[in-house]
Amino acid sequence: VSTSSGTSSAMAHALNASLRDAMDADDKVLLIGEDIGQLGGVFRVTDGLAKDFGEDRVVTSPLGEAGIVGSAIGLALAGYRPVCEIQFDGFVFPAMNQIVTQLAKYRHRSEGRVSLPVVIRIPVGGGIGAIDHHSESPEAYFAHTPGLRVLCPSNSQEGYDLLRQAIRCNDPVIFLEPKRSYWAKGEVDPAAACLDMEKARVVRTGDALTLVTYGALVPIATNAAAVLAQEGREIEVIDLRSLSPIDDLTVVDSVRRTGRLVIAHEASQTGGIGGELAARVQTQAYYELEAPILRVTGYDTPYPASRLEEDRLPNVDRILEACDLSLAH
Amino acid sequence: MAELAREEEQLAERLRTGCRELPTPAPADPFEHTLERMPAELTRQRDQHLAFVAAAEGGHE
């Protein structure tokens, strides 16, 4: 993996480079997770790091997510900056008690005396032909928990930048890595100026409608925007990047210009990020809205068998249908 | 055992007294220390809460 300026890297390689650079920069950074040592993790994001940094800093844990996160909390209390790897989205639930009851609350409980700089990396989402508990989108659980930050990169550069910022951050960070983006290539320049991790990114500008999404849906939303552009309708695409806190100001500024908002995410609709964002936008830009806010999401069902997953995942056609509905108002 | 019970009750009373003597937190205090930097939305919620408290108490924060 090269981190030289302008290198084209898959997101998995960019994340690997980000971990490597963070470990080079700070010897308190260490990794803990299942199969992350010699194997390099199921998705090879930690490939080669155990060999170069040693097994004291790249710790292959037993199969027990509560133990991984609990150990990370203890290490953070002792001054380390642990980065946990949860093997798949659906495997994080055994660790929820540690995350929600301890990790998220320690700063508040200690009136700011104790920071827990723990990053929990979780491969998320579908689109890889897997089944439930290997294809889930659990972001709303974490975004609903005060005391956690939730980040979700959509490309290699963001993967590199956001993970570096997450590891430097003194707050606990849930770092969601879209699985189907792992092998998508993009330019990575570690020295490039990067947006603050709390800020959303305007991917494409336009004045007809605002389309907000994050993670693996960003390139799909961009493709939908390109189709609409061919019809003479320029829409603005925003990549949230941070799901908690949400940068609603960037979205509201956009909606004040466009008057229309469509929100897309893979996760189930009810209680999702889209509902929260819609509420905030209608509160702040009610008089500028010219159409109801629409959502394009996964359905409120458990994740289906892999043969049916394309029916569940928002795609260009479903996004275009929502945009057409909004623009017809 | 009686001595142990007496020590236990003394310790418990000291803890109870200490807790009762803790100052009552200010209305803004629960909003602090959620994250290292208070997010904009939480700042808005805090300000809305303080305004509500001030109005309910006749302008006293």
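This is a predicted model: local features need pLDDT of at least 70, side-chain atom pairs count only at pLDDT 80 or more; totals for chains, interfaces and linings use all residues.
Local features were considered at pLDDT of at least 70 and side-chain atom pairs only at pLDDT 80 or more, while totals for chains, interfaces and linings use all residues; side-chain values use heavy atoms, with hydrogens and water left out. Residues are numbered from 1 along each chain as its sequence is written, and chains are lettered from A in the order in which they are written.

Chain B contains 2 helices and 0 strands, where helices (H or I, at least four residues) and strands (E, at least two) are DSSP runs numbered from the N terminus. Its radius of gyration is 19 Å, well over the 10 Å that the globule rule gives for 61 residues, so chain B is more spread out than a compact globule. The radius is taken over C-alpha atoms, and the rule is 2.2 Å times the number of residues to the power 0.38. The C-alpha trace of chain B spans about 55 × 30 × 10 Å along its principal axes. Of the 61 residues in chain B, 16% are buried, that is, under 20% relative accessible area with a 1.4 Å probe, counting protein chains only. Carbon and sulfur atoms account for 59% of the accessible surface of chain B, which comes to about 4,900 Å² (Shrake-Rupley method, 1.4 Å probe).

The largest nonpolar core has 71 residues; such a core is a set of buried Ala, Val, Leu, Ile, Met, Phe, Trp, Tyr and Cys residues joined through side-chain atoms within 4.5 Å. Helix α1 of chain A (residues 11-25) gives the most to this core, with 6 residues. Among the residues with the most contacts inside the core are Ile99(A), Phe142(A) and Ile174(A). Contacts (heavy atoms within 4.5 Å) of Ile174(A) beyond four places in sequence include Ile120(A), Ile122(A) and Leu148(A). Another core, of 19 residues, lies apart from the largest one and includes Leu217(A), Ile220(A), Ala224(A) and Leu327(A).

Ser18(A) lies in helix α1 of chain A and, at 0% relative accessibility, counts as buried. Leaving out residues up to four places away in sequence, Ser18(A) touches Gly159(A), Tyr160(A), Leu163(A) and Arg164(A). Gln165(A) is placed in helix α7 (residues 156-168) of chain A and also counts as buried, at 13% relative accessibility. The C-alpha atoms of Gln165(A) and Ala22(A) are separated by 9.5 Å, although these residues are 143 residues apart along the chain. Beyond its neighbours within four places in sequence, Gln165(A) is in contact with Cys194(A), Leu195(A), Asp196(A) and Met197(A).

Conventions:
Buried means under 20% relative accessible area, exposed over 50%, partly exposed in between (1.4 Å probe, protein chains only).
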